Each structure stands twice: as structure tokens, then as C-alpha cells.
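Good morning, colleagues. Please look at the sequence and the structure on the screen before I take you through a few of the packing details.

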Amino acid sequence: MSERKTTDETGPLLGPADVRELAAALGVRPTKQRGQNFVIDANTVRRIVRTAEVRPDDVVVEVGPGLGSLTLALLEAADRVTAVEIDDVLAAALPATVAARLPERADRFALVHRDALHVTELPGPAPTALVANLPYNVAVPVLLHMLERFPTIERTLVMVQAEVADRLAARPGNKVYGVPSVKANWYAEVKRAGAIGRNVFWPAPNVESGLVSLVRRAEPLPSRVSRQEVFAVVDAAFAQRRKTLRAALAGWAGSAAAAEAALVAAGVSPQARGESLTVESFIAIAENKTAAADQEATR
């Protein structure tokens, strides 16, 4: 597929000419529909692997490997890599690229040809890390799905659109704090981990990119209710984010009065807005839905 390069600059990794050669041989043009922007800079993928703190015993899952730029760098550092790719042509070509450029590690690579949003199991040992250049149009749903489905993933580093990175890592009170911020924080400690320039991609995107680090909580947040119940409150609170929580949660609780009862029982001001609450506060509100139900019953 692609002859192994051994230049000092890239080693077995893909440089700009390699990426374009591979793409031309496969008849691939990156598509906006799938949010494809291929990384063409070997130093960038090595930086991502370093920032992700990939260890020699890690089993890494990568979503959206594309032509394999990051895949090869991960294989150099980790014990195993499983790549999840939806594109038929890219999925068919990737194993050959790995075999040609890192033959000594090819048996440590596995490919899952599927939409990441529908992946419910992975081959081989359970993954310990998720490292990916996520397609921008599905970055948040894919990230949340993988964290929920694979609880063995301890550390995550994803490259996403800078705006999405800001939302994921936002803290309460920040104007971009919202649903992605709270839901990511349910699973992990989240922080920005750097910026990525446009010129390391082909084609160069119209937006800046950012790295986000997520370290899974050692212990799940204490909650007497399910994740789904908490996330229902989060979704309701931000569906009408300009409204007070008393109004925004009226549909969820059954009425504005019932929402107020749940909020008061949770120690949250009914006049507050979702952007001011921690994930723990959303848990408390969900736990006190019975207070809302009692309020409704007495009406």
C-alpha cells in the first residue's frame, strides 16, 4: 500500500507526501460530511501520544483513524491499538498501511469497521485509553458513547474543534458551559490540554483545534439515581438555557411548582440557571424528583 519510509524526520510515520500519496492511490478525498481532516505532521501525532501519556502496557482505542497518521504513532508507544473506522475505503486500507510501515507491530493492531456510535464491544483486551482525532461533526456523541460503553478507559485525549474543546472543559459559570461540559464531567476530570494549528491538517480546516484530556474518576460520583435520570435533568436545564431552572425544568418535573420543590429540596435556587450548576447539583436535583412528585400529588 505505502512503502515504509525510514527518514529521520518521520520514521515509519506518515508525512505530508505520504498522506497525499496514500489518498491518491485510494482515490480518497476528505469529505466534510464525515468531518475528515487528515493529520499530515509526524511531530503533531507524536505530541498527541506524549500528551496522552500512552504507556507501553496500554490498550488504546482510536476512533476515526483515517489514513493512519495517529495510528502508527500509537502503535509505537502502546501495547495494542484498536481502530474504529466507518469509511469503507479507509477501513480496507489501514491494515495494509500498518503492515507496510510497522510490520513488527502489525499483530498488535486490530480494526473495527463500524460507526463508533454503534460499537458495543471491541476485540482483544479491554481498552485502557482512548486517543483520537475525532470527526468534528460527531465528536461529543462519540466521546460520551465510548466513555459510557467502555468503563475500563481510564485516560482519554481527543483532538476536537477548539470551540468543542472549550465546551467540554468549561466550568460552571462559563458562558460556554453546557450539556457536553456536565456529561463529560460525570465520567471524568476534564481539562484543555493544548491547541493544534490548522496547517498540520489536510485539508486545512476553517477552525482551530484543541486537545482535551479526560481522566476517569477513580470512583463514580455518588448518586442514588441512574446516569440516565441525571442526564435527563441536564438536557432539560439547557434546552432553554435562558430560563430559570424553575421554568426550564417544569416539563421534566411535571410543573413549575414541582420543579421548584425538587430544586429547593436539592439546595438549589429555583431562580438559578443551568450554567451555574455543578454535576453534583444536577445529581441532587434528580435525586429529589420524588419531592417534585409529592408536590404534584398534593395539587
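Contact, as I use the word, means heavy atoms within 4.5 Å. Helices (H or I, at least four residues) and strands (E, at least two) are DSSP runs, numbered from the N terminus. What we have here is a predicted model, in which local features need pLDDT of at least 70 and side-chain atom pairs count only at pLDDT 80 or more, while totals for chains, interfaces and linings use all residues. Residues are numbered from 1 along each chain as its sequence is written, and side-chain values use heavy atoms, with hydrogens and water left out.

I begin with a helix pair. In α5, V140, L144, L147 and E148 meet P180, K183, A184 and Y187 of α7. Helix α5 covers residues 139-149 and helix α7 residues 179-187; their axes (lines fitted to C-alpha atoms over the stretch in contact, with angles from 0 to 180 degrees between N-to-C directions) come within 10 Å and cross at roughly 20°. The two helices are therefore roughly parallel, the term for angles under 35 degrees.

Next, strand β2, residues 59-63, which holds V60. Is V60 buried or exposed? Its relative accessibility is 1%, so V60 counts as buried, that is, under 20% relative accessible area with a 1.4 Å probe, protein chains only. Leaving aside neighbours within four places in sequence, V60 is in contact with V54, L74, A78, R80, V81, T82, A129 and V131. P127 lies 67 residues from V60 in sequence, yet their C-alpha atoms are 5.6 Å apart.

Definitions and conventions:
Buried means under 20% relative accessible area, exposed over 50%, partly exposed in between (1.4 Å probe, protein chains only). Angles under 35 degrees count as roughly parallel, over 145 as roughly antiparallel, 65 to 115 as roughly perpendicular and the rest as oblique.
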